[in-house]
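The sequence and the model are shown first.

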Amino acid sequence: MSPESNRVEYKRQLSEKFERSVVAFLNYPGGGEILVGVDNDGSITGVPDVDAVQLQIVDRIKNNIRPATLGLFDVAHEERDGKDIVRVVVSAGQQRPYYLRARGMTEDGCFIRVGSSSQPMTERMIEELLAKRQTPSLQTMRSPRQRLTFRQLKIYYEEKKLSPNEEFLRNLELMDDDGVFNYAAYLLADQNGVSIKVAKYAGTDKYDLIENEEYGNRCLLTATYRVLERLESENRTFAKIGYPTRTEKSMVDKTALRETIINAIVHNDYSLTVPLVEIFADRITVTSAGGLVNGLSQEDFFNCRSMPRNRVLMRVFRDVELVESLGSGMTRILSAYDRSIFDLTPGFLVVTFPLEAVPDEPVNGEEETGMKTGMKTGMKTRQKIMEMMREAPDISITAISAALGLARSSVIEQIEKLKAQGKIRRVGPDKGGRWEVMDK
């Protein structure tokens, strides 16, 4: 393995200085990662009980570091050379300086990365970081409404087997100790006044607006799923069928478009405006407000370093598996496109995807073959849906959609066909009911 650096630190085991290293990366632009179970020389030693170590790490970061680090770190199990190690990815936080809770915001409690080591910060460095703290944030902004409900949010957590308890809202930092909801709670509530805009134009400029839709005024997760479904229907897939291969291609890379939309929603500065998606005849643009987070350079950005603007949203989107890990979205986008699709300004981040041309006419009977292939694909999809319903009669449409990697609307279409064919039926209400597969 490569030697330790300003971005990477090795630890043979969890030591009393572990939190010091985490604090140093939280205060360091671009963050870094800690590999537990690796010796200083890079040799793999492994950890004896990987599950216990992961739980200790989460508990120690959560309880021993301030300000709150929710949404700023990932803990994952990896196997190298046949041994278990734990990888801790730490993102630079916006509420710097971070410090050891027991030592306070002092030279004994604040650390920063210098080369391959964690060094105490001077009093002047602490004061400079305090002066640069960005305000307001979703956690410090008060919700314009205080009578909020969270039925949709709780359903998403229940579907991921993360049953919300009585402290659910406080654990997610959606309210303070006095029970006052913040703006993050407002965005995730069942009803709000925030929507994501999707506009469609007939040509290559904004002269002829043919559609102007808003997805929102409800839980931000629900709005996100609706926007993704809308863009999936817009992002046509075309195929050229030959022998012996059949190739498929979308107008825009599906993964890159999905990650861009989610990133725009999670990292948007909602104190300025809302995310905007625009569909032109030759391109799709996705715009988020706020530009790059203060302290994150363009080099860090294109190297897939993460500094979440809205760490509570990042945590929630990770919990429901819309986001996998810190920086993973940018990695997927840059694997399909180069940097030229990004336009970074102080106030906005704009991503422009050129549209691939779709053939106007089928070639060599591919239309008929394509129809047959589509029918076969639909049959296989319906079969998979029935299998999932047999195994879990209470499974939700959202869970089926996630498991198959299909839009919710596509799953609903296939379910309606199964109902019409008499192969399934719904017993009980939408919420709390179950599916019954009619074996014939």
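## Terms and model

In the residue classes used below, Ala, Val, Leu, Ile, Met, Phe, Trp, Tyr, Cys and Pro count as nonpolar, Asp, Glu, Lys and Arg as charged, and the others, Gly among them, as polar. The model described here is predicted.

## The second largest pocket

The second largest pocket holds about 1,200 Å³ of space. Its lining is made up of 45 residues, and Leu-70, Gly-71, Phe-73, Arg-315 and Arg-318 are the closest of these to the pocket centre. Sorted by class, the lining comprises 17 nonpolar, 15 polar and 13 charged residues.

At least two residues each come from β2 (32-36), α2 (50-64), β4, β5 (83-90), α5 and α10. Helix α2 provides the largest share, with six residues.

The structure contains 27 salt bridges. In one of them, the side chains of Asp-74 and Arg-318 meet with an N to O distance of 2.9 Å. Asp-74 belongs to strand β4 (residues 73-80) and Arg-318 to helix α10 (residues 311-319), so this pair ties together parts that are 244 residues apart in sequence.

Both partners lie below the cut-off for burial, which is under 20% relative accessible area. Asp-74 is buried at 11%, and Arg-318 is buried at 16%. Arg-318 is also one of the residues closest to the centre of the second largest pocket.

## Salt bridges with exposed partners

Within helix α3 (residues 123-132), Arg-124 and Glu-128 are four residues apart, about one turn of the helix. These two residues form a salt bridge in which the closest N and O atoms are 3.3 Å apart. Arg-124 is exposed, with a relative accessible area of 61%, whereas Glu-128 is partly exposed at 39%.

A further salt bridge joins the side chains of Lys-160 and Glu-321, at 3.5 Å from N to O. Lys-160 is in the loop between α4 (151-159) and α5 (168-171), and Glu-321 is in the loop between α10 and α11 (328-336), so the pair ties together parts that are 161 residues apart in sequence. The relative accessibility of Lys-160 is 26%, which counts as partly exposed, while Glu-321 is exposed at 53%.

Technical notes
Residues numbered from 1 in each chain as written. Predicted model: local features only at pLDDT ≥ 70, side-chain atom pairs only at ≥ 80, totals over all residues. Heavy atoms only, no water. Salt bridge = Lys/Arg side-chain N within 4 Å of Asp/Glu carboxyl O. Buried < 20%, exposed > 50% of the residue type's maximum accessible area, 1.4 Å probe, protein only. 1 Å grid on protein atoms, 1.4 Å probe; cavity = no way out; pocket = protein on both sides within 12 Å on 5 of 7 lines; lining within 4 Å. Points joined across faces, edges and corners; volume = space filled by probe spheres on them.
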